[in-house]
Amino acid sequence: MKGKGLIAGNWKMNKGIGESMDFLGRFVDGLEREGSVSELIPASIEIVIFPPIANLYAIKHAASLKKGVYLGVQNVHWKASGAFTGENSVSMAVEAGAVFALIGHSERRQIFLETDEMTSKKFNFCVKNGLKPVLCVGETDEDRKNGLAEAVITRQVIAVLGSREFPADFPPLIIAYEPVWAIGTENNATANDAQESCAAIRKVVGRSIDAKTAGNTLLLYGGSVKSSNAEDYLKQDDIDGLLVGGASLDPDEFLGIIRAASFLI
Ligand code: PGA
């Protein structure tokens, strides 16, 4: 038993308000079928849903949103406000109900060309303004084939921790290891490979900050996680949770993943 963990669902650009309410209704029915909500979602596990920002406020105020289920935003800008058409600020996301923010997701890095520097600015801005950032890192298929997987994830972590503007005891860092080749492909990393990469990330945190911070850091694996493979990852020493894309859109699948966590965390 690890004593703490986090299961996150990244809905990406899926589900409008109606579909979100339908999800919540089915999710709650599923929870209630299982018995007590607090049994399935023990206090040691944080559940976070990252819906599109347009739905945050409606979901936050839905009667069916259960205690223990937090909301997050998929992207924010690093400035407080201003002429940034199409962007959302941290304070807007907080006001709409977000507690967490995904930072540096590979789709942001690859499709929207976000750099390590932008990622670092966003991370720091979230910490200072009350959103808990979930830093996403991961190598591409090409990086892995060239033997650069560890070097790439180390660079991505150091870009943020090296320029950190927050105290070492900022509790706790959350870093998701998401190999790009495993996202949305059904080609999930083996539990051993995911464990190795997460252990490498913990070491980088230790070297960049200190051993205590490294020990407290929550490390998530993401990339084609489903209810049928969740347990394999959660059994690993350095994996404290999961960041789930496709499977989090289906309430029964997402519940299955939470159930696996509730036995192992
Ligand atoms: P996936 O996505 O579970 O669909 O692979 C994970 C993610 O992008 O966070």
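Reader: What should I know before I start?

Author: Residues are numbered from 1 along each chain as its sequence is written. In this predicted model local features need pLDDT of at least 70 and side-chain atom pairs 80 or more, while totals for chains, interfaces and linings use all residues, and side-chain values use heavy atoms, without hydrogens and water.

Reader: Where does K15 lie?

Author: Helices (H or I, at least four residues) and strands (E, at least two) are DSSP runs, numbered from the N terminus. K15 sits in the loop between strand 1 (5-10) and helix 1 (17-34).

Reader: Which atom does the side chain of K15 reach?

Author: A polar contact is a pair of N or O atoms within 3.5 Å; within protein, one must be able to donate a hydrogen and the other to accept it, and residues adjacent in sequence count only if both atoms are side-chain atoms. Here the K15 side chain reaches the backbone oxygen of L249 at 2.9 Å.

Reader: How many bridges join strand 5 to strand 4?

Author: Two strands pair if DSSP finds at least two bridges between them. Strand 4 (residues 100-103) and strand 5 run parallel, joined by 4 bridges, with I103 partnered by L135. Strand 5 also pairs in the parallel sense with strand 6 (residues 174-177), over 4 bridges; there V134 has I174 as its partner.

Reader: Which side chains have a polar atom 2.7 Å from a ligand oxygen?

Author: H105 has one at 2.7 Å, and E178 has one at 2.7 Å. From G246, a polar backbone atom lies 2.8 Å from a ligand oxygen.
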